[in-house]
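User: I would like to go through the pockets and cavities of this model, and then the ligand. Could you take me through them?

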Amino acid sequence: MSAVRGEFSSRFSFIMAAAGSAVGLGNIWGFPTQVASNGGAAFVLVYLVLAFVLAYPALMAELVIGRFARANAVAALQKVARGPAGKKLGAATGFYGIVVASLILSFYGIVAGWMLAHWLEPLTPWLGLQAGAVHTIAAQLVFTLFFMAATVAIITGGVKDGIEKWSSRLMPLLLLILSLLILYVFTQPGAVSGLKVYLIPDFSRIGDRGLIVSALGQAFFSLSLGVGTMLIYGSYISKQENLPVLGGLVTLIDIGIAVMAGLLIIPAMYVALENGVEIFDASGALLAEGALVFTVLPALFDSMGVAGGLVGFAFFALMSIAALTSSISMLEVPVAYTVENHGFRRNAATWLIGGTISAISLAVILSFDALFGLVVAFTTRFSQPLLGLMLCVFVGWIWHRRGLLEEIKQGNPQVESSLFWKIWPIYVKFICPLIILVTFGDTLLS
Ligand code: TRP
């Protein structure tokens, strides 16, 4: 075991860092996109419910394990588990999470590279490049490498001089840009029709199994759950802090920003419609996913003239910032493990792992059709729910309840008589595993 462990210097810095991890492309791209393809407000409603009843308890499980063990996922789960077999299972689960976090970063870096390309596209004429030069394969490789280098540079700084410093700078900026964009879109004709689609639920869709599975996956991804990201951030929280409150704030911020992003994107689509941009596909559904972000929105910005140039620039800056405060949290997972369990220096570990993950990203870009969807499905559809389930089992079934209570009591001495302590242990023990199992079974069958 080498090096002294870092710790967040204040409650604010932890919240910025954890909210920075949670708020990412999943909120600003994924959430509005899912809303568009799953019946508007019906999805929003189901999402809100699942985020509170399922994702928040699972987030708490990770924060509590992390702060208790003050260690990376492998060491932490070993510490929580009992008996040699339990400890082996703990280590294996932690290691699986570390691998998945790294693989998530490998595809996240690619998508972030696209955002950078769109962000910098307006500069191409000044650089003497042809229009479209930023979207070639070669450019994609460069942008992804650039994004990974930025992620590595921040993580070499450690908890205080890297994660907390950059999250505390970038998160307020993100909120500012997002708010200004929303205000601007609402001055445009058509925005109000979009608002209606966003806010008035089509109740007939609420029971859709597809909708519920998507909402669950979205909630897990959005709160960065399962892979040890929140566990490692939790391990840097001071023992004086009240964990249920901190976790609650992070959940609220994550949901709040997703809802705000929907408030930007869905109305923006109807502004685009007003401006003559096609926003529906052949079946009459709203365009979603890549087509939404890379076709509809750029067409909208083009149709807005000079202002559109600025709006587009701000929008892709927003995406890039959101991606960066998330990617650093993914890289911290394998780095903390390598430093703590294998005695590497942080600098060396960060460059080594960042380099390896970048190499995987490049391979995925070069065989995009074969690999990209596969990596996304393996990590987010398969591994994240499975790992989330394991973590709930560790906290609910394996860890001594007394030990658990002792940990939560630190910084929150009255917790024993609180609503949280009445409800949460039952949730992580029974309800979360059950809901995950049912929806996971559904995913496996389909
Ligand atoms: N939550 C982030 C988003 O919404 C992405 C993210 C960061 C993540 N760390 C993670 C997703 C760990 C899964 C696991 O974009």
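User: How does the lining of the second largest pocket divide by class into nonpolar, polar and charged residues?

Analyst: This is a predicted model. The lining of its second largest pocket has five nonpolar, five polar and two charged residues.

User: Which residues line that second largest pocket?

Analyst: The second largest pocket is lined by H118, E121, P122, P298, F301, D302, G305, G308, G309, G312, F313 and F316.

User: Which helix gives the most to the lining of the second largest pocket?

Analyst: Helix 13 gives the most, with six residues. Helix 12 and helix 13 each supply at least two residues of this lining.

User: And what volume does the second largest pocket have?

Analyst: Its volume is about 240 Å³.

User: Turning to the largest pocket, how much space lies in it?

Analyst: The largest pocket holds about 1000 Å³ of space. Its lining consists of 33 residues, and those nearest the centre of the pocket are Q34, Q218, E289, V376 and T380.

User: Which elements give two or more residues to the lining of the largest pocket?

Analyst: They are helix 2, helix 5, helix 9, helix 12 (289-303), helix 15 (368-398) and helix 17 (419-445). Helix 15 gives the most, with nine residues.

User: What is the class make-up of the lining of the largest pocket?

Analyst: That lining has 17 nonpolar, 14 polar and two charged residues.

User: Which residues line the second largest cavity?

Analyst: The lining of the second largest cavity is made up of L181, V185, L264, I265, A268, L297, L300, F301, M304, V311 and F315. By class, these are eleven nonpolar, no polar and no charged residues. Helix 7 (158-185), helix 11 (243-274), helix 12 and helix 13 each supply at least two residues of the lining.

User: Back to the largest cavity. What takes up its space?

Analyst: The space taken by the ligand is the largest cavity. The elements that give two or more residues to the shell around the ligand are helix 1 (11-22), helix 2 (25-37), helix 5 (83-120), helix 9 (209-222) and helix 13 (305-342).

User: How many residues surround the ligand, and which are the closest?

Analyst: The ligand is surrounded by 17 residues, with A22, G26, Y108, F221 and S222 the closest. By class, this shell has seven nonpolar, ten polar and no charged residues.

User: Where is an oxygen atom of the ligand 2.6 Å from an N or O atom in a side chain?

Analyst: That distance is found at Y108, between a ligand oxygen atom and an N or O atom of the Y108 side chain. There are backbone distances as well: a ligand oxygen atom lies 2.8 Å from a polar backbone atom of G26, and a ligand nitrogen atom lies 3.0 Å from a polar backbone atom of S222.

User: How much of the area that the ligand exposes when taken alone does the protein bury?

Analyst: The ligand alone exposes 360 Å², and the protein buries 100% of that.

User: One more item: what classes of residue line the largest cavity?

Analyst: The lining of the largest cavity has eight nonpolar, nine polar and no charged residues.

Terms used:
Residues are numbered from 1 along each chain as its sequence is written. This is a predicted model: local features need pLDDT of at least 70, side-chain atom pairs count only at pLDDT 80 or more; totals for chains, interfaces and linings use all residues. Side-chain values use heavy atoms; hydrogens and water are left out. A residue is near a molecule or strand if one of its heavy atoms lies within 4 Å of it. A polar contact is a pair of N or O atoms within 3.5 Å; within protein, one must be able to donate a hydrogen and the other to accept it, and residues adjacent in sequence count only if both atoms are side-chain atoms. Accessible areas come from the Shrake-Rupley method with a 1.4 Å probe; for residues, only the protein chains shown count as cover. On a 1 Å grid over the protein atoms alone, a cavity is a set of points where a 1.4 Å probe fits but cannot get out, and a pocket is an open set with protein on both sides within 12 Å along at least five of seven lines; lining residues have an atom within 4 Å of a point. A molecule sits in a cavity or pocket if more than half of its atoms lie within 2 Å of its grid points. Helices (H or I, at least four residues) and strands (E, at least two) are DSSP runs, numbered from the N terminus. Ala, Val, Leu, Ile, Met, Phe, Trp, Tyr, Cys and Pro count as nonpolar, Asp, Glu, Lys and Arg as charged, and the others, Gly among them, as polar. Grid points are joined across faces, edges and corners, and a volume is the space filled by probe spheres set on the points.
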